[in-house]
Amino acid sequence: MFRQSMFSGILIGLGACGFLALGGIPGAVIFAFGLIGVVLSGVPLYTGRAGVMPLRKTPALVGIWLGNILACVVLGLLVVSLGGEMADRAGTVVDGRLAQGPWRSFLRAAGCGLIIDIAVWLYRTTKNLAPVLFGVPLFILCGFYHSIADVVYLVAAWKWDSAILWYYPIIVIGNYVGCNVRRIVLPQEKK
């Protein structure tokens with residue numbers, strides 16, 4: 001499962017790189033490549049599994065998260081080594097995120113978790129990619145934060161600030177909370 005988690009991290013990391021390369025609406029749309037790849041291949045992604053895995057499987061979810069972020073660290077390092085506009089845009093993205101503070105960052109991460117969970121759930125239910133294709137640009141254009149993609153941005157920005165010590169854990173927790181809204185609202189749903 002760890003290797004599969006790394007592959008899903010590669011897919012999301014490539015989507016994040018696409019966003020850094022294009023920015024705006026085109027970048028948000030091209031980012032969907034990552035989540036489409038995840039749902040079609042069935043590889044485990046933290047935000048795709050956080051709302052469906054039982055609490056007793058938390059160690060497996062942590063393993064998925066670690067595989068995801070390891071792959072995104074490598075892609076972030078690739079962006080750093082290439083330099084140029086992508087690395088500059090990553091710095092701008094990270095500066096904007098850190099400026100939000102803990103509470104707003106948590107809410108933005110929860111919003112992303114909610115959208116990703118619903119998009120993946122609708123795909124699994126209908127086998128229709130439209131929720132994924134629209135869900136990813138929706139969370140990006142709303143300014144919501146994805147804990148796995150953010151690893152690419154954080155590494156590519158190459159700005160190690162003490163604020164990252166509060167920022168990243170809050171994003172991971174916020175994504176988890178958002179991913180579990182459906183589980184709370186629709187408890188009868190089989191996960």
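1. Is Val-181 buried, partly exposed or exposed? Val-181 counts as partly exposed, at 32% relative accessibility; in these terms, buried means under 20% relative accessible area, exposed means over 50%, and partly exposed lies in between, with a 1.4 Å probe and protein chains only. The place of Val-181 is in helix α10, residues 181-185. Helices (H or I, at least four residues) and strands (E, at least two) are DSSP runs, numbered from the N terminus. Val-181 and Gly-113 are 68 residues apart in sequence, and their C-alpha atoms are 8.7 Å apart in space.

2. A remark on the basis of these points follows. The model is predicted, so that local features need pLDDT of at least 70 and side-chain atom pairs count only at pLDDT 80 or more, while totals for chains, interfaces and linings use all residues. Residues are numbered from 1 along each chain as its sequence is written, and side-chain values use heavy atoms, with hydrogens and water left out.

3. Arg-104 is found in helix α6 and is exposed, with a relative accessible area of 54%. From C-alpha to C-alpha, Arg-104 and Ile-170 are 9.9 Å apart in space and 66 residues apart in sequence. Leu-107 also has its place in helix α6, but Leu-107 is partly exposed, with a relative accessible area of 41%. Between Leu-107 and Gly-178 there are 8.6 Å in space, C-alpha to C-alpha, and the two are 71 residues apart in sequence.

4. The structure holds six aromatic pairs. Rings of Phe, Tyr and Trp (its six-membered ring) pair if their centres lie within 6.5 Å; planes under 30 degrees apart count as stacked, over 60 as edge-to-face and the rest as tilted. One of the pairs joins Trp-103 and Phe-106, which are stacked at 5.8 Å centre to centre with 20 degrees between the planes. These two residues are three apart in helix α6 (residues 101-126), so about one helical turn separates Trp-103 from Phe-106. Trp-103 counts as exposed, at 58% relative accessibility.

5. Another of the pairs is formed by Trp-166 and Tyr-167, and its geometry is edge-to-face: 5.9 Å centre to centre and 75 degrees between the planes. Together with Tyr-145, Trp-166 and Tyr-167 form one aromatic cluster.

6. How many disulfides does the structure hold? It holds zero disulfides, a disulfide being a pair of cysteine sulfur atoms within 2.5 Å. Cys-72 is in no disulfide, and the nearest cysteine sulfur, that of Cys-17, is 8.3 Å away. Cys-72 counts as buried, at 0% relative accessibility. For Cys-142, the closest cysteine sulfur is in Cys-112, at 10 Å, which is too far for a bond. Cys-142 counts as partly exposed, at 37% relative accessibility.

7. The largest pocket holds about 220 Å³ of space. On a 1 Å grid over the protein atoms alone, a pocket is an open set of points where a 1.4 Å probe fits, with protein on both sides within 12 Å along at least five of seven lines; lining residues have an atom within 4 Å of a point. The volume is the space filled by probe spheres set on the points, and grid points are joined across faces, edges and corners.

8. Which residues lie nearest the centre of the largest pocket? Of the 17 lining residues, these are Val-93, Arg-97, Gly-143, Phe-144 and Tyr-145. The elements that give two or more residues to the lining are α5 (84-98), α7 (130-141) and α8 (149-157), and α5 gives the most, with four residues. The lining divides into nine nonpolar, five polar and three charged residues. Here Ala, Val, Leu, Ile, Met, Phe, Trp, Tyr, Cys and Pro count as nonpolar, Asp, Glu, Lys and Arg as charged, and the others, Gly among them, as polar.

9. Asn-175 is found in helix α9, residues 164-179, and is buried, with a relative accessible area of 0%. The side chain of Asn-175 reaches the backbone nitrogen of Ser-147 at 2.7 Å.

10. Lys-127 is found in the loop between α6 and α7. Although Lys-127 is not a glycine, it has a positive phi of about 60 degrees. Lys-127 counts as exposed, at 58% relative accessibility.

How values were computed. A polar contact is a pair of N or O atoms within 3.5 Å; within protein, one must be able to donate a hydrogen and the other to accept it, and residues adjacent in sequence count only if both atoms are side-chain atoms.
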